[in-house]
Every structure is written in C-alpha cells, then in structure tokens.
Amino acid sequence: MKNNYDVLVIGGGPAGAVAAKTAVEKGLSACIVEKRPAIGAPVRCAEGIGKEALCEFIDPDPCWISAEMTGAGIVAPDGFLMELESKFAGNKVGYILDRKFFDRELVWRAAEAGVDVAVKSRASAPIMENGCVKGAKIECCGTVAKVTASVVIAADGVESKFSRWCGIDTTVPIREIMSSVQYLMADIDINPHITVFYLGNEVAPEGYLWVFPKGERCANVGIGISGKKSGEGHRAKDYLDWFVKKSFPDGKPIEYIAGGVSVCRPLDCTVADGLMIVGDAARVVDPLTGGGIYNGMFTGRLAAEVAAECIGTCDVSKTALMKYDKTWRASKMGKAIERNYHIKEYLIRQPDAKLNEIIHSVSKLNLKDFSTLSLIKEIIRVNPKLMLELGTLAASIR
Amino acid sequence: MLKVHRDICGYCGCCVSVCSEGALELIDAYLCVEKSCTSCGICAKVCPLGALEVVHEK
C-alpha cells in the first residue's frame with residue numbers, strides 16, 4: 001500500500017472490487033482496503049443473481065457458481081405453491097453463486113489489472129480538508145497509515161461507517177432493515193434448480209423466507225424479517241428454526257450466518273466533496289428482493305467512471321461527482337429500485353388472506369423475460385382489480 | 001448500558017446500520033460500542049440472534 005492514490009476504495013466486496021478495477025482500466029491508480037483478513041469471508045448473502053445481470057459484468061464460471069436455476073416458486077401463506085418458469089423450458093434464468101470464490105475472483109481480477117489490495121486493513125477515519133474528503137487513516141496490525149486520495153469510494157457494506165464519519169446520515173429506519181439469518185443446509189430434499197420463496201406473516205413477517213439450492217441436496221435456507229417485527233422470542237433465528245424443524249427436520253446445517261439487508265430508499269445523496277458511496281453502503285439494495293450484488297457492481301463501475309472523468313478535469317467537488325448520483329438514479333437500476341420500493345410497501349401491508357388470493361390467481365406462469373417486473377405484470381393481468389388498489393403506483397408498472 | 005453477548009453475536013452488522021447515534025462499529029468479528037450509545041435499544045430489537053441487551057444500572 002502506497003501513501004497516495006487517485007482512488008481509495010473502502011471495502012473489498014463486489015462493489016469495491018468492480019469500482020477499483022474500473023478505475024485502473026481508466027488509467028487511475030487505485031487501492032482496495034478490506035477490514036477483514038480474507039476477501040470473501042464471511043459471506044452474508046443468499047447468493048442469488050439473474051443470468052443477464054451477472055453476464056453484464058463477468059462470464060459465468062463453474063469455479064464460483066454453485067447451481068444453475070431454471071425457475072422459481074412462490075409459496076403462499078396457506079402453503080400453495082406458484083411455479084414460475086421461463087417461457088423456454090430448461091432455460092437458465094439465474095445462478096446461485098459461491099460468494100467466497102466469486103468475491104475473490106473479482107478482487108483477483110482487480111489486482112491483476114493493477115489495483116493494490118490491503119487486507120486486515122480498516123479505514124478508521126477520513127482525512128478531511130475544508131470539508132472535503134482527502135483520504136483515510138488506515139489501521140493495520142497496530143499501525144496507522146495516512147493514505148491520501150483524490151476520490152474515496154465508500155463500498156463498506158450494510159455496516160458502513162465511512163460516509164457517516166464524513167457527515168452523511170446512513171441510518172436505516174428500523175422497519176426497513178431485514179433482520180436475517182441463514183443456514184447452509186446439507187442432506188435435504190429439494191428441487192435443485194428452483195429457488196423457492198415463502199411468504200406470510202407467520203412464516204416471515206414483512207419479509208420472506210428463501211430456499212436457494214447450492215447443489216443436489218444442499219441449499220441456502222434463510223429468512224429476513226422486518227426489524228419492526230423482531231424481538232425477544234420472535235427473532236429471525238426463531239422463525240427460521242421453526243421452519244427448518246418443520247420442513248427439513250433431518251437437514252444438517254454446515255454454515256450459520258446472520259445479516260442485515262436494507263430495504264429502504266437509497267441515501268438522499270450518494271456523493272460529497274471527494275467522496276462517492278456505492279453498493280449496500282449507499283442503500284441501493286433492491287427493496288423488493290433484497291438483492292444487492294448486481295446493484296453493487298453497477299454503482300461501483302459507474303462511480304469509478306465518473307471519478308475518472310472528474311479527476312481528469314481536476315474537479316472532485318460534490319457538484320462534479322453528482323453526475324454519478326444522477327446517472328444511477330436515472331438508470332434502469334435506479335428506476336427499478338424506486339418501483340420495487342413501492343411494490344414492497346404495498347405487499348407488506350397485505351394480510352395473508354390477500355396474499356393467498358393474489359398467488360392463487362396465477363397457478364403457473366411462463367414468463368417471457370424472467371424478472372420481478374414481468375411477474376408483477378402477470379399478477380396484475382390476472383387480477384385486474386389490483387390495478388385500482390395499486391393507485392398511482394400502477395403507472396410505474398406499465 | 002448496552003451489553004454485547006459475544007457468545008451469541010454473529011458479527012453481522014445489522015445493528016450498526018440502524019444506530020442513529022453511530023455508536024456501534026463492527027471491527028472484523030468484534031462489535032464495538034462507543035460512548036455515544038444512548039441505550040435506546042433499537043439494536044437489541046433488530047438483532048437477528050438476540051446478542052444485544054440493554055442493562056439498566058441500579
């Protein structure tokens with residue numbers, strides 16, 4: 001690690017790795033600092049990503065893909081299963097990654113492109129000058145190094161602190177944090193190519209429970225519930241254990257992880273003088289699905305592209321960096337976040353009986369372009385009444 | 001004051017994201033509680049594992 005870079009990236013997840021790699025490809029010097037001693041561990045993720053979304057950044061490689069998905073199922077509160085399949089039977093629609101290896105691959109590629117990487121190195125404070133971020137103090141094994149940079153990219157995840165130290169409020173409202181737990185379970189009976197989502201206030205209040213296959217008899221079995229609904233005796237772990245006891249009584253957990261997923265709106269502003277915020281730290285997780293891998297990589301790449309332009313013109317002010325904020329908000333990703341936020345807000349207000357009614361109305365769907373939007377469109381098509389109930393939201397779905 | 005049950009904590013950072021005081025920080029596998037903690041208990045409520053407890057001093 002040197003003491004000055006064009007771009008200093010805080011965090012070595014997918015967002016940080018793509019940001020740093022993009023920066024060096026644009027001719028900048030860049031360094032990733034990762035507070036943990038290993039890239040990719042521990043992973044706090046259900047590891048699902050759509051095929052098209054993944055392929056926009058990297059060609060699929062069996063080294064870091066656990067399983068290929070051909071469809072999905074949604075289980076209504078009453079236990080009814082709605083199956084979703086691609087119009088083309090057997091068509092791969094998504095992947096369950098092995099994030100331990102995926103994250104390493106991304107950082108590996110960044111390193112080979114010329115990015116410096118420091119692990120077990122924690123940004124403990126920003127270096128500020130006249131209100132402008134100029135770098136960070138990096139703690140590593142008892143020493144503190146001052147690393148200056150033209151632009152700092154905060155990619156420090158859900159537990160992000162860096163942008164807060166720079167004066168940006170990143171607090172997630174309690175009702176909009178998904179309090180989550182997941183087991184990687186072995187030796188269970190599953191369909192190994194279908195992701196299954198369980199809905200309902202008794203299964204996962206204001207959230208959902210997932211079974212994402214990792215192999216023939218192995219899956220990420222996890223749950224996220226609203227922080228508002230969490231409390232002593234009815235936490236995410238309690239709900240998950242109830243489900244596992246009932247559904248996979250003989251399954252063997254071989255990994256146990258907890259997590260928090262924000263399903264709020266993104267930060268009001270994702271830049272400041274000398275600072276850009278990307279991925280989970282910017283709260284750009286999809287509020288409906290909780291998916292954040294693609295959005296992290298998308299914002300990471302875009303931030304580095306805008307940083308390169310701004311460094312090129314020697315203007316890294318908030319005003320100049322705002323191009324990043326405006327561009328991602330206007331992008332397909334930004335619009336999907338806004339739309340899915342409204343859909344999530346609608347769905348969490350529905351009682352189980354209403355969810356049953358909606359899901360029963362569509363027994364089996366063949367989707368043209370396997371996406372949450374096409375699913376919502378199909379549900380509305382067979383429930384024309386829903387259009388009225390959705391009110392102003394309906395316009396954003398057409 | 002806020003007590004961290006370290007045998008239960010999964011060091012996931014869920015609590016850090018909801019703390020409006022910015023009083024929590026996850027340093028690798030160690031959750032730190034800073035002096036600015038007001039013992040509001042939001043973190044204890046959202047913790048997926050039940051690792052946090054507000055202990056009222058007598």
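Hi everyone, thanks for coming. Please keep in mind throughout that we are looking at a prediction.

Let's start with chain A and its domains. Where the domains touch, ten residues of domain 1 of chain A meet eleven residues of domain 2 of chain A. On the domain 1 side, that contact has five nonpolar, two polar and three charged residues.

Now to the helices. As a reminder, a packed pair is described by the angle between the two axes and the distance between them. Take helix 1 of chain A, residues 14–25, and helix 6 of chain A, residues 293–312: their axes are 7 Å apart, at an angle of about 30°. Angles under 35 degrees count as roughly parallel, so helix 1 of chain A and helix 6 of chain A are roughly parallel to each other. Their crossing is right-handed. If you want to find the contact on your screens, look in helix 1 for residues including Gly16(A), Ala19(A) and Ala23(A), and in helix 6 for residues including Gly296(A), Gly300(A) and Ala304(A). By class, this contact of helix 1 with helix 6 of chain A holds eleven nonpolar, five polar and two charged residues.

Helix 1 of chain A also packs on helix 3 of chain A, residues 99–113, where the axes come within 9 Å and cross at roughly 20°. That makes helix 1 and helix 3 of chain A roughly parallel. Here the crossing is left-handed. Among the residues that make the contact are Ala17(A), Lys21(A) and Val24(A) from helix 1, with Asp103(A), Leu106(A) and Arg109(A) from helix 3. The class count for helix 1 with helix 3 of chain A is nine nonpolar, no polar and four charged.

Back to helix 6 of chain A, which has helix 7 of chain A, residues 318–330, as a partner: the axes come within 9 Å and cross at roughly 150°. Are these two roughly parallel or roughly antiparallel? Helix 6 and helix 7 of chain A are roughly antiparallel, since the cut-off for that is over 145 degrees. The crossing is right-handed. Leu302(A), Val306(A) and Cys310(A) of helix 6 are among the residues in this contact, as are Leu321(A), Tyr324(A) and Trp328(A) of helix 7. This contact of helix 6 with helix 7 of chain A has eight nonpolar residues, two polar and one charged.

Next, a sheet. Three strands of chain A make an open, antiparallel sheet in the order 3-7-4. Strand 3 (48–50) and strand 4 (65–69) of chain A are at the edges with a single partner strand each, so one side of each has no neighbour in the sheet. From one strand to the next, the twist averages 25°. Strand 4 of chain A pairs with strand 7 of chain A, residues 94–97, over four bridges. One bridge pairs Met69(A) with Gly94(A) of strand 7 of chain A.

Finally, chain B: 20 of its residues are in contact with 28 residues of chain A. Helix 1 (14–18), strand 2 (24–27) and helix 2 (42–46) of chain B each supply at least two residues of that side of chain B. Helix 1 of chain B gives the largest share, four residues. By class, the chain B side has eleven nonpolar, six polar and three charged residues.

That's my tour; happy to take questions!

Key: Residues numbered from 1 in each chain as written. Chains lettered and ligands numbered in written order. Predicted model: local features only at pLDDT ≥ 70, side-chain atom pairs only at ≥ 80, totals over all residues. Contact = placed C-beta atoms within 7 Å. Nonpolar A, V, L, I, M, F, W, Y, C, P; charged D, E, K, R; others polar. Axes fitted to C-alpha atoms, helices over the stretch in contact; angles between N-to-C directions. Parallel < 35°, antiparallel > 145°, perpendicular 65-115°, else oblique. Left-handed = near helix turned anticlockwise from the far one by under 90°. Pairing = 2+ DSSP bridges.
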